[in-house]
Amino acid sequence: MFRPLMSRRVVRIMLNGRERQVGDGSLLSDLLAGLDLPADGYAVEVNGRLVPRSEARSRLLRAGDQVEVVTLVGGG
Amino acid sequence: MPTPHPADEPLVLGDRRFRSRLILGTGKYPDLETMRAAHEAAATELVTVAVRRIDLSAPPGRRLLDFVDRSKIALLPNTAGCTTAEEAIRTAHLGREAGLSDLVKLEVIGDEETLLPDPVETLKACRPLVRDGFTVLVYTSDDPVLGRRLAGEGAAAVMPAGSPIGSGQGVLNPNNIRLLLEKVSVPVIVDAGVGTASDVASAMELGIAGVLLNTGVACAKDPVRMARAMALACEAGRLAFLSGRIPKRLHASASSPSEGLATAR
């Protein structure tokens, strides 16, 4: 599908409970790449559903998406 | 020379086998170095971890995972903090993706003050997780009927609280643990409430498969030494159970012969 890059609309999403602006239809993997994440030990869900790492490159972000990025921390 | 005791069978959880029967936590330690040293001192092979949002505003700091030797220690992500079956299932999937481990400690809390498990939501979450390929170890109350129901839903282990989480009161109702052992065939692991080594030994003497604890080690004045104490107690209690203790009796029974005393007339 042809999507002219310059005319991409900016939309609001929620990232870990905070508002953030991304290009409409931009890739989840691009968002993650800008977050300085470690190589492993994290997981991502969009709108309450897990997005496996292999699918982040094909997942497009839309207005209102709720993105959660989690990791493993100390617990009992 | 005494013969070494015969090797114990491993603790089997799903398709994994563990020599250590002591599962430790990774929370509340003074620092990550102490945590790692405590894990080593106990020779634990399984540790619990929690699943939480990454703090995106903080600079990347030291990571818990860098202080767990994954060649010796498997990860057991938990669903701590969840209050519904749906939340627990979501968190379990995130934990599996982040920790690359099919093991999950299913924990659904029903009361914020006492941290007692919600039996209804816990039971509801069990089957879907088993269906999704998880090896589900279930934190639960010590109710034997509930334990049987959880095992019936496919739980790989039933993990009753000895007493409330972090309370250090030990196993308050050993009789319920005994009944639970009669009712379920999957491993029973006492999870929560263990305060010191004798609590671990007494629990293991009941015949349970293992003990899971966090606060008792992490918040001891010397966590590394306490970890070693807990591991020794775990093994001692296990050996005592396998050995078959003597019955308790009201009257004395002399250990020395009653005949042949030199001063006898």
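Helix α2 (residues 85-99) of chain B and helix α3 (residues 119-131) of chain B pack with their axes 8 Å apart and at an angle of about 40°, where axes are lines fitted to C-alpha atoms, for helices over the stretch in contact, and angles run from 0 to 180 degrees between N-to-C directions. That angle makes α2(B) oblique to α3(B), given that angles under 35 degrees count as roughly parallel, over 145 as roughly antiparallel, 65 to 115 as roughly perpendicular and the rest as oblique. The model is a predicted one, in which local features need pLDDT of at least 70 and side-chain atom pairs count only at pLDDT 80 or more, while totals for chains, interfaces and linings use all residues; side-chain values use heavy atoms, with hydrogens and water left out. Residues are numbered from 1 along each chain as its sequence is written, and chains are lettered from A, with ligands numbered from 1, in the order in which they are written.

**Helix packing in chain B**

Helices (H or I, at least four residues) and strands (E, at least two) are DSSP runs, numbered from the N terminus. α2(B) passes α3(B) in a right-handed crossing, a crossing being right-handed if the near helix is turned clockwise from the far one by less than a right angle, and left-handed if anticlockwise. On the α2(B) side the residues are A85(B), I89(B) and A92(B), which meet E121(B), K124(B), A125(B), P128(B) and L129(B) in α3(B); contact means heavy atoms within 4.5 Å. By class, this contact has six nonpolar, no polar and two charged residues, where Ala, Val, Leu, Ile, Met, Phe, Trp, Tyr, Cys and Pro count as nonpolar, Asp, Glu, Lys and Arg as charged, and the others, Gly among them, as polar.

| Pair | Angle | Axis distance |
|---|---|---|
| α1(B) (residues 32-42) and α8(B) (residues 223-243) | about 25° | 8 Å apart |
| α4(B) (residues 144-152) and α5(B) (residues 174-183) | roughly 30° | within 8 Å |

α1(B) and α8(B) are therefore roughly parallel to each other, and their crossing is right-handed. T34(B), A37(B), A38(B), A41(B) and A42(B) of α1(B) make this contact with P223(B), V224(B), A227(B), R228(B) and A231(B) of α8(B), a set with eight nonpolar, one polar and one charged residues. The crossing of α4(B) and α5(B) is right-handed as well; P144(B), G147(B) and R148(B) of α4(B) touch N176(B), L179(B), L180(B) and K183(B) of α5(B), and these residues divide into three nonpolar, two polar and two charged.

**Salt bridges and the interface**

Over all chains the structure holds 20 salt bridges, each a side-chain nitrogen of Lys or Arg within 4 Å of a carboxyl oxygen of Asp or Glu. One of them joins R19(B) to E45(B), the closest N and O atoms being 3.0 Å apart. R19(B) lies in the loop between β2 (16-18) and β3 (22-24) of chain B and E45(B) in the loop between α1 and β4 (46-53) of chain B, so the pair ties together parts that are 26 residues apart in sequence.

Chain A, which has one helix and five strands, follows the pattern β-β-α-β-β-β along its sequence. Its contact with chain B takes 28 residues from chain B and 28 residues from chain A. The area buried between the two chains is about 2300 Å², of which carbon and sulfur atoms give 61%; buried area is the accessible area (1.4 Å probe) that two parts lose on being put together, summed over both. R53(B), I54(B) and E97(B) supply 27% of the area that chain B buries against chain A, more than any other three residues. Across this interface the rule finds four salt bridges, and R53(A) forms a salt bridge with E97(B), with the closest N and O atoms 3.9 Å apart.
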